[in-house]
Structures are given as structure tokens and as C-alpha cells.
Amino acid sequence: MLLKWFVKNEMRETRRSSMWEQSMGIKIFLGFLFFIIFAEFMLGSFFIGKEFDEIFADDDPVEKFNSFLLYGFALGFMVRFFMQKVPVLSIQPYLHLPIKKSKLVNYVLGKSLMAPFNFFPIFIFSPFIFFQMGPVYSGFQILAYVLSIILVVLSVNYLALLFKRNLSGNNTVTIVITVLVAAIVTAEYFEIISLTDISALMFTAALKNPSWVFIPAATLVLAYMLNYRDLTFHLYPEDNLNLKKSGKRNVSDFKYLKSFGEIGNLMILELKLMTRNKRSKSTLVFLPIFLLYGLIFYPNPELYGQNGWLLFVGIFMTGGVTLIYGQYLLSWESSYFDGILSHIDDFNLYFKAKHNLLVASTLISFILTLPYAYFGAKILMINFIAALFNMGVSSVFVILMSTNNKKRLDLSKGAAFNYQGVSATQFLISFPVMLAPLLIYLPFWAFGYYDNGLYAIGVVGLLAIVFNKPLLKIAVNRFLERRYLIGEGFRKKY
Amino acid sequence: MIETFDLTKKYNDQLVLNLPSLKINKGEAFGLVGNNGAGKTTFFRLILDLIRATSGEVKINNENVAENPQWKKITGSYLDDNYLIDFLTPQEYFEFIAGVYRLPKGDLEKFYTDFETFFNGEILGKTKYVRDLSRGNQQKVGIAAALLPKPEILILDEPFNGLDPTTQIRLIKLLNELKQTTDTTILVSSHDLNHVTEVCSRILVLDKGEVYKDIIKSENMLKELEEYFAA
């Protein structure tokens with residue numbers, strides 16, 4: 001049967017992904033990390049489900065819970081819109097075969113049911129239903145409620161897919177959605193309209209009269225049909241590859257860097273890489289959010305006294321690009337790496353160009369964090385020290401670590417929830433960068449020399465900046481040793 | 001110019017290339033033919049130091065390619081699309097290559113005029129990125145970029161694959177002109193026996209990684225080759 005083959009091929013693809021090719025120790029560490037996160041999530045929802053009537057003692061627990069649902073589903077929709085994969089490209093190899101289009105479309109739509117997002121609600125709802133609704137409502141009522149929730153979850157699934165397929169890559173839509181959400185939240189806050197009331201009304205209705213299940217059921221059928229129609233019309237690969245219409249592009253070319261000669265030539269290439277590819281762009285988009293990190297910590301007087309925390313925040317804010325972009329430094333170029341290997345004769349220069357850009361990114365981030373001086377001169381000093389450390393130590397360290405990565409990256413795909421080319425070493429990389437300054441600080445802290453500890457970190461950073469040439473040389477030598485391995489890995493296209 | 005010494009390459013203990021001693025002279029037009037898996041690309045990758053030799057070495061101008069990168073300045077190559085920086089426009093790509101080879105500015109202008117017919121009006125002056133070009137046009141960009149630095153050694157892997165007939169003929173003409181007017185050492189691999197015999201003065205037949213035949217240009221070269229491949 002066809003379905004059997006589809007599923008079989010799908011499983012093979014997953015199993016043979018190069019993501020699994022990593023050492024046992026790292027696998028265990030990652031498994032442990034995911035387990036912890038999962039366990040925390042489970043415990044959290046269990047606790048909330050059990051204690052809900054005590055947290056909101058004044059209200060009817062079920063009605064209160066339902067009043068949040070609309071927001072919950074809206075959030076789910078947003079998360080899906082940005083993160084869920086549109087499972088279409090995987091059927092490309094079957095398009096020319098004598099298989100009915102309707103079969104392919106149904107398969108693709110059916111496959112989207114397996115998205116992890118569809119299973120999250122189980123963990124969120126189960127404890128609540130068990131502890132809060134079980135004792136009060138009849139089995140039949142609960143059944144109707146559960147059914148309507150499932151139908152809504154699946155409707156959200158298909159609506160998100162529909163929107164994503166037609167609107168993703170369109171920045172205006174993203175902005176409109178963000179503004180809309182902000183407007184609704186504001187309206188709710190000032191009690192102009194109350195979505196929570198509407199939400200409570202909607203979801204409690206199914207409990208009162210099970211025939212209301214009809215509405216989410218109809219929504220689901222409609223969403224599925226819209227998807228079906230849309231996909232049948234757009235089953236050609238070119239429709240899904242987001243090919244831009246050709247014609248005049250507004251090509252930025254960073255020509256002013258030309259005057260720096262050969263190193264400028266390499267830096268121009270890197271900047272074009274960053275700005276013209278979907279994957280790198282969607283990685284860099286998160287960076288402004290990093291810069292807001294300080295807002296969480298600085299207004300909090302308890303944390304303000306703790307240099308360790310402030311330092312951590314400083315490293316994070318000024319080193320965002322270095323950490324996030326730098327960890328893939330070589331992988332970004334994997335699709336044309338044979339060209340790099342056979343053309344570049346001086347790899348010192350090649351890595352120096354990358355280093356320059358990382359240092360520049362830290363400088364720019366530092367300048368952008370200057371307004372935080374509002375919270376005190378101490379913030380300014382700590383961020384300056386963090387910037388020194390990032391410019392000197394983190395930049396070189398990240399370059400050194402990037403030589404570990406030999407997985408090919410597809411630049412045309414988005415970054416969120418895309419683990420292609422990502423190996424566990426990538427997750428591990430940020431630990432040393434975060435911990436090293438604290439380790440320098442620790443002995444000073446133990447003896448009460450708080451400020452001297454901070455200065456020490458700055459001095460280490462400064463020294464690393466002064467001696468960046470020999471330090472970079474270490475990275476270059478390591479790269480030259482590993483160049484065949486890296487080249488071979490990048491040539492593998494799956 | 002290019003020499004191999006006890007050169008072998010193994011993948012998982014399977015020998016894919018064994019060239020104990022091969023010498024390619026300056027100015028030679030050297031053709032490499034063989035069926036799939038014969039080791040053609042492997043040989044080119046070893047010359048270009050893209051993979052590590054299991055034993056032995058390749059020397060260009062008496063320098064081991066794996067140890068001294070001097071050869072990169074005098075070598076132009078295009079193996080496959082793993083060379084193409086696809087988010088650049090073709091002209092930006094050429095500018096980048098010119099920058100890497102430290103070519104003076106005038107060279108690029110001259111290159112554009114020289115290659116006008118080869119590009120057939122489809123490459124230059126467009127704002128399309130390389131990734132938006134057709135496969136054939138991408139191939140053209142890669143080949144032209146290999147020729148751009150006026151290399152002493154030119155290495156092209158299956159350059160005729162994917163080109164339209166007109167461009168195939170133009171490429172043959174271009175390579176022959178290069179042969180006559182310069183002292184460029186040309187290394188070309190191909191499945192198309194007609195094309196290699198038209199360009200090359202010496203043809204090496206690889207069979208499962210071993211040299212099967214080393215033919216210097218003669219009247220019945222093509223016939224000899226056809227006999228081997230028919231068998």
C-alpha cells in the first residue's frame with residue numbers, strides 16, 4: 001500500500017539524518033537536557049491543574065480556565081505560524097509517479113497531525129480535567145468538552161498551515177499580526193473589550209450543551225477543505241519553494257568595504273551571506289530580542305546587587321551575534337566550501353575577516369546597550385567589561401569551535417525548529433563562553449574583592465584582543481588539520 | 001607540472017584510485033575519461049587538495065599540494081556546484097573570485113568582453129542571483145570563474161554536462177584557443193568521447209581507479225576509446 005511506503009520513507013529519512021551522528025556522551029547529555037525540560041513542563045501543568053481552584057479561589061475554576069483558552073489557542077497559532085514546518089516538500093519525489101494527487105494531498109495533510117504541537121495540549125489539559133472537572137461534571141459532559149478541545153486544536157493546526165503556506169516570508173503580515181496582538185492585549189488591559197469573557201462563554205457552552213461541539217467540528221472540516229483545495233492547486237514544487245519573482249532586486253553590495261582590499265573582499269562576502277539567505281536572516285532576527293534582556297534584570301533591585309548576574313546579562317547582550325551566528329561560522333559556507341578550499345590560499349586572512357565582523361558586532365551591540373546606563377554607571381562598566389571579553393575571548397573561541405562542525409546547512413530554510421546542520425556541540429558551545437567570565441570572577445568574589453574580579457575579566461579580554469593574532473593562529477591550524485573532514489562533511493547533501 | 005607519487009585513495013578499505021606515477025606536462029591538454037566510479041573526480045579532488053590522499057602525494061611545480069598552498073594562485077578549477085556562492089549575482093561572484101586572486105581591476109572588464117559570446121547575454125547585467133539561474137547557466141558561471149584568473153593550470157570536471165549544444169561548441173573552441181595562444185595546462189574529464197578528443201592531446205582512461213590506457217593524440221584515438229567503452 002502507498003501509505004506504508006510513504007511512512008517507511010519518512011522514517012528512513014529521519015533515521016538517516018546526520019543529526020544522529022554524534023558521540024554517545026553528547027547524546028546522553030542532550031537526552032538528559034530534553035528530559036529535564038519535559039519533566040518540568042509536566043510537573044508545572046500537573047501542579048496548575050491540581051491547584052487551579054486554590055490559585056483562583058474567587059472564581060469558578062472551569063470558567064476561569066476557559067477564559068484563558070482563546071489566548072492559549074491564539075498563542076498556539078502564532079507559535080505554529082512561525083515554527084511548524086509545512087510538510088509539502090517531502091512529497092516532491094512522488095509527484096511524477098502515477099499516484100493520485102488527492103492521495104498525496106491527504107497524506108500531507110494527515111502527516112501534519114503528527115506535529116508535536118498537536119500533542120502539547122494533552123499534557124496541559126489532562127491534569128486540569130482530571131482534578132477540576134472530574135468531580136463536578138458528568139462523563140458525557142467531559143467527553144463533549146474534550147472532543148471540542150481536540151477539534152479546536154486540530155482546526156488551529158490546519159488554519160496555521162493555511163496561513164503559513166500563503167503568507168509566510170511576507171514581513172508585512174508578521175508585523176500586522178504582531179500589532180493586532182498588541183492591540184488586543186491593550187484593549188483587554190483597559191477593559192475595552194474582553195476576549196477572556198468571550199473565551200469563557202465559548203468553551204463553557206460545550207459543557208452546558210454538548211450540541212455546541214458542532215461548531216468546532218464544522219471549523220475543522222472547513223479548515224481541512226480549504227487546505228485541501230489550496231494544496232491541490234499548488235502541488236507544484238515551484239509554488240512551495242518561495243521563488244521570488246525575478247526582476248530588479250534591491251541588491252545591497254557593501255561596496256565601501258572594497259577599500260580594505262582582500263580582507264574587505266571576504267568581509268563583503270560574509271555580510272552578503274548574512275543578509276541574503278533565509279536561514280541566516282532568521283537567525284539574526286532574534287538578536288534585537290537579546291538586547292532587551294537587560295530590561296528583565298536591571299529593574300529588579302535584588303539582582304542589581306549581584307555582579308554575577310549582571311555580568312551574565314552583559315555577556316549575553318554584547319555577544320549575541322558572536323554566539324548565535326559565530327557557532328556556524330564555517331557551516332554557513334558549506335554549500336560552496338569546495339570553492340573556498342580550492343581558492344583561498346591564506347586562511348589566516350580568511351578567518352581574520354570573520355573575526356573582524358564578530359568583533360564589530362560586539363562593538364555595535366555594546367553601543368546599543370549604552371542607554372542601559374540609565375540604571376546606573378555600574379551597568380555601563382559591566383557591559384563594557386563583557387564587551388571586552390567577547391571581543392577578545394569569545395570571538396576567537398567561537399571560531400575555534402566552528403571547526404568542529406561538519407554538517408551541511410541549507411541556507412534557504414528558516415532557522416526556527418530547524419536542526420539541520422545543528423549538532424550537539426552547537427548547544428554546548430555557549431556554556432564555556434558564559435561560564436568562563438564567572439570562573440575568573442569566582443576567586444576574587446570568594447575573598448570579597450568584587451570590583452577587582454570584574455576588572456580581571458576586562459584585563460583577560462584586553463589581553464586576548466592584543467594577542468588575537470597568535471590566538472587566531474591556533475584556530476587556523478586546527479582548521480587546516482581538519483579541512484578534509486570538514487570538506488567531506490559539507491559535501492554530503494542529506 | 002603536475003606529478004603523482006604513489007598516489008592512492010581508499011574509502012573504507014576499498015581502493016578507488018591508484019596512480020603510482022603520472023606526469024602531466026606544462027601546456028598539455030589532458031583528458032580524463034572513464035565510466036562512473038572510475039575515479040575521475042577523486043583524482044581532481046586530490047590535485048586540488050580537497051580530500052586527503054590515503055598514501056602518496058600530488059605535486060604541482062615540485063611542491064606537495066597538501067603542504068604548500070602556492071599552487072592555488074596559478075590554478076583555476078570548477079568541479080561542481082559546491083563551488084558556486086549562490087546568493088551572489090554572477091558579477092558579484094566574479095568580483096569575489098577576482099579579489100581572491102588579487103587581479104587588477106581592468107582584468108575583470110576585459111574578462112566580461114572576452115566572455116560575452118560564451119555567456120550569450122544570459123549572465124551579465126542581470127540582477128538575478130546565481131541560485132535563480134538555470135543549471136546550465138550556473139555551470140557557465142562556474143566554468144567562466146575558473147578561467148577568469150588566467151590560470152596556468154585549468155581543471156574542469158565534466159564541463160560539457162548540462163550545457164546546451166551551442167555552448168558546448170563554444171567551450172571547445174575556447175579551450176582550443178587557450179591551447180594555441182597560451183601555455184595553459186588543461187585537465188578536463190568527460191563522458192563524451194567526441195568532446196575530449198576534440199580538445200585533448202592526451203587522454204587517460206581510468207578503470208576502477210587504475211590507469212587502463214594512456215593515449216597520446218593520434219588518428220585512431222577516438223576509435224581506440226570507443227572500443228574500450230563498447231566492451
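Author: Start with the core residues. The largest nonpolar core has 125 residues, and B:Ile47, B:Ile85, B:Tyr93 and B:Ala145 touch the most other members. Helix H20 of chain A, residues 377-402, gives the most to this core, with 14 residues. A nonpolar core here is a set of buried Ala, Val, Leu, Ile, Met, Phe, Trp, Tyr and Cys residues joined through C-beta atoms within 7 Å. Buried means 20 or more other C-beta atoms within 10 Å of a residue's own, exposed means 12 or fewer, and partly exposed is in between, with C-beta atoms placed from the backbone. Helices (H or I, at least four residues) and strands (E, at least two) are DSSP runs, numbered from the N terminus.

A word on the source. This is a predicted model, in which local features need pLDDT of at least 70 and side-chain atom pairs count only at pLDDT 80 or more, while totals for chains, interfaces and linings use all residues. Residues are numbered from 1 along each chain as its sequence is written, and chains are lettered from A and ligands numbered from 1 in the order in which they are written.

Now B:Ile85. Setting aside residues up to four places away in sequence, B:Ile85 touches A:Leu269, A:Tyr336, A:Gly339, B:Tyr93, B:Phe96 and B:Val130. Contact means C-beta atoms, placed from the backbone, within 7 Å. Another core, of 19 residues, lies apart from the 125-residue one. Its members include A:Ala144, A:Tyr145, A:Ile149 and A:Ala223.

Next, A:Asp338. It sits in helix H18 of chain A, residues 337-343. A:Asp338 counts as buried because it has 23 C-beta neighbours inside 10 Å. Its contacts, leaving aside neighbours within four places in sequence, are with A:Gly487, B:Leu50, B:Leu79, B:Asn82 and B:Tyr83. The C-alpha atoms of A:Asp338 and A:Arg491 are separated by 8.1 Å, although the two are 153 residues apart along the chain.

Back to H20(A). Its axis and that of helix H22 of chain A (residues 430-446) come within 10 Å and cross at roughly 140°. So H20(A) is oblique to H22(A). Axes are lines fitted to C-alpha atoms, for helices over the stretch in contact, and angles run from 0 to 180 degrees between N-to-C directions. Angles under 35 degrees count as roughly parallel, over 145 as roughly antiparallel, 65 to 115 as roughly perpendicular and the rest as oblique. The crossing of H20(A) and H22(A) is right-handed. A:Phe389, A:Val393, A:Ser394 and A:Phe397 in H20(A) meet A:Pro432, A:Val433, A:Ala436 and A:Pro437 in H22(A).

The mean pLDDT of chain B is 90, and 100% of its residues reach 70 or more. pLDDT is the predictor's confidence in each residue, from 0 to 100. For the complex, the predictor gives an ipTM of 0.84 and a pTM of 0.69.

Finally, a loop residue of chain B. B:Asn62 lies between strand E4 (55-60) and strand E5 (63-64). B:Asn62 is exposed, with 8 other C-beta atoms within 10 Å. Its phi is positive, about 65°, although B:Asn62 is not a glycine.

Key: Contact = placed C-beta atoms within 7 Å. Left-handed = near helix turned anticlockwise from the far one by under 90°.
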